[in-house]
Amino acid sequence: MQIDVRVPQLSESVSEATLLTWHKQVGEAVSEGENLIDIETDKVVLELPASKSGVLTKIIKGDGEKVTGNELIAQIDTEAAPQITAPPPAVPSAVPPSVRKLAREHEIDAGSLPGSGRGGRVTKEDVLNAMQQVSSGATGGQDARAPIAPSGNRPEQRVAMTRIRQRIAERLLQSQQNAAILTTFNEVNMQPVIDLRNKYKDAFEKKHGVKLGFTSFFVNAVVRALQKFPIVNASVDGTDIIYHGYFDIGVAIGSERGLVVPIIRDADKLSFADIEKQIADFAARAQSGKLSMEELSGGTFSITNGGVFGSMLSTPIINPPQSAILGIHATKDRPVAENGQVVIRPINYLALSYDHRIIDGREAVQFLVAIKEALEYPGRVLLDL
């Protein structure tokens, strides 16, 4: 029986997707649940598993073609016998989707690379080495993407943006053009949080099976501040203001494909352990491109942490249609004045970018102060003060 292979239904905000690389050839046997092809949207890379076992009899849409939701791209015969048997590679190599994506962007056949990882797995370093060989001319021949030298030893290379990078660029430009963005700053003494974390981190991990990080403290502080200042949790729709009675917090995570912002739903109802587990899960799946479109959609407020890369201060850009975003930075020992004395404290500079169309400066400053107080006096969180 012939069954259709169709693109999964895409979310309302995603109009089309791109087929990356077919993992099966026409005539090859496929098993139920086996990944047939990776599909890239402007948010995630999806795996399309076979719904039934059989033989791939027809590929209608090839590598790199644009597709829409529910579009027919191939057919499987559940009763046919395999027509061809692909010979095993000389050096077996598994290629994670993120590495395959990097290779495709630079027109490198990842399957032909000798994998240096465990079990012959092709790693990011293998692809980068291959790129370097192409750039230096080690592979010979002409490459449409190879560097060009307009004058002397001044190479250039034209590389098409990935779909997700195009979407990031589009949304950032949209944010700057359609919102009156202003940024206010404050500093927070992280010593109380550091002391609390050091005191309980071992017991926390033993009980909950996840490490106690710092992000959960910030998420908790943000939720408490949003409850006091609901306008910061609101969004603009034309001439209306939409107040959200829930707290869906986006946490920006850097990946090889670009910045993604998965959403912690109903963060006000989650414990520190629940938040840490979600963040750890999001971070792991962001690197392998396994986040779903649902997990990346929505959100009423976002947090971005440039401190993990060493940033000391920045002005983050709002993630539309949200109206504000908190920027966290590197915590560093700094001299500060306390009770007339100069002392050294671990200080983190906080930045709140907000849409001045609906959020006044007074509210923005007070909101950031509320975050500062929740972090500097964590006992108030425990006592619900």
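pLDDT is the predictor's confidence in each residue, on a scale from 0 to 100. In this predicted model, local features need pLDDT of at least 70 and side-chain atom pairs count only at pLDDT 80 or more, whereas totals for chains, interfaces and linings use all residues. Residues are numbered from 1 along each chain as its sequence is written, and side-chain values use heavy atoms, with hydrogens and water left out.

**View 1. Confidence along the chain.** The chain has a mean pLDDT of 85, with 86% of its residues at 70 or more. Over residues 87-93 the pLDDT is below 50, and this stretch has seven contacts in the model beyond near neighbours in sequence, a contact meaning heavy atoms within 4.5 Å. Where pLDDT is low, the predicted coordinates should not be read in detail.

**View 2. The open sheet of four strands.** The strands, which are DSSP runs of E with at least two residues, numbered from the N terminus, follow the order β1-β8-β6-β3 with antiparallel pairing, where two strands pair if DSSP finds at least two bridges between them. Because β1 (2-6) and β3 (29-30) stand at the edges with a single partner strand each, one side of each is left without a neighbour in the sheet. Strand β6 (residues 54-59) is joined by four bridges to the antiparallel strand β8 (residues 72-77), and D77 in β8 is the bridge partner of V55.

**View 3. Helices α5 and α6.** The axes of helix α5 (residues 215-228) and helix α6 (residues 272-287) come within 9 Å and cross at roughly 120°. The contact is made by T215, S216, F217, V219 and N220 of α5 together with F272, I275, E276 and I279 of α6.

Methods:
Axes are lines fitted to C-alpha atoms, for helices over the stretch in contact, and angles run from 0 to 180 degrees between N-to-C directions.
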